Amino acid sequence: MAKKEKQKKDGEFNMNDAQKRMEKYYKAREGEKKGKQLVLSLIATSVFILFILLIVVLKLNGVGKTIVFTTDDSGSVSTSVADSEDVSGQNLAEIISDNID
């Protein structure tokens, strides 16, 4: 310990100690970058999953547009797009819940 203090006082520069400190600093910075990347990827994944779940929930509740299949007297099928509010019937969530009970 006294030898190191004497070398520092004399102005000598120990290359090995400086190299070790630089490697330690570099490893710490790399660890910090990896940690930030991990946190950002977790946040992005969570937001993406929540967005997908929001879309699924809104579609199951009938928000948006609905494709309506209608048949006439001759039996030909025609399709049209209508607002979900204008369509009467069951949505997928109601059909599933009725079959579970």
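Accessible areas in this tour come from the Shrake-Rupley method with a 1.4 Å probe, and for residues only the protein chains shown count as cover. With that convention, the accessible surface of the chain comes to about 9,400 Å², of which 61% belongs to carbon and sulfur atoms.

The model is a predicted one, in which local features need pLDDT of at least 70 and side-chain atom pairs count only at pLDDT 80 or more, while totals for chains, interfaces and linings use all residues. Residues are numbered from 1 along each chain as its sequence is written, and side-chain values use heavy atoms, with hydrogens and water left out.

**Whole chain**

Begin with the entire chain selected and colour it by pLDDT, the predictor's confidence in each residue, from 0 to 100. The chain averages a pLDDT of 79, and 73% of the residues score at least 70. Confidence is lowest in helix H1 (residues 2-10), at a mean of 56, and highest in H2, at 89. Where pLDDT is low, the predicted coordinates should not be read in detail.

Of the 101 residues in the chain, 3% are buried, where buried means under 20% relative accessible area, exposed means over 50%, and partly exposed lies in between (1.4 Å probe, protein chains only). Among contacts (heavy atoms within 4.5 Å) with a separation of 6 or more, 14% are between residues 24 or more positions apart.

Side chains of opposite charge can pair when their charged atoms come close; a salt bridge here is a side-chain nitrogen of Lys or Arg within 4 Å of a carboxyl oxygen of Asp or Glu. The whole structure holds 3 salt bridges. Glu32 and Arg29 meet in one of them, at 3.7 Å from N to O, and these two residues are 3 apart in helix H2, which means that about one helical turn separates them. Glu32 also forms a salt bridge with Lys36, with the closest N and O atoms 3.5 Å apart, and Glu32 and Lys36 are 4 residues apart in helix H2, again about one turn. Through shared partners, Arg29, Glu32 and Lys36 are joined into one network. Glu32 is partly exposed, at a relative accessible area of 37%, and Arg29 is partly exposed as well, at 36%.

Lys33 has a relative accessible area of 45%, whereas Glu30 has 25%.

Val56 is found in helix H2 (residues 15-60) and is partly exposed, with a relative accessible area of 41%.

**The hairpin**

Finally, select residues 65-71 and 77-83, strands E1 and E2, which run antiparallel and are joined by 7 bridges; two strands count as paired if DSSP finds at least two bridges between them. Centre on Phe69, whose bridge partner in E2 is Thr79. The hairpin has 5 residues between its strands, and Gly75 takes a positive phi near 95° there.
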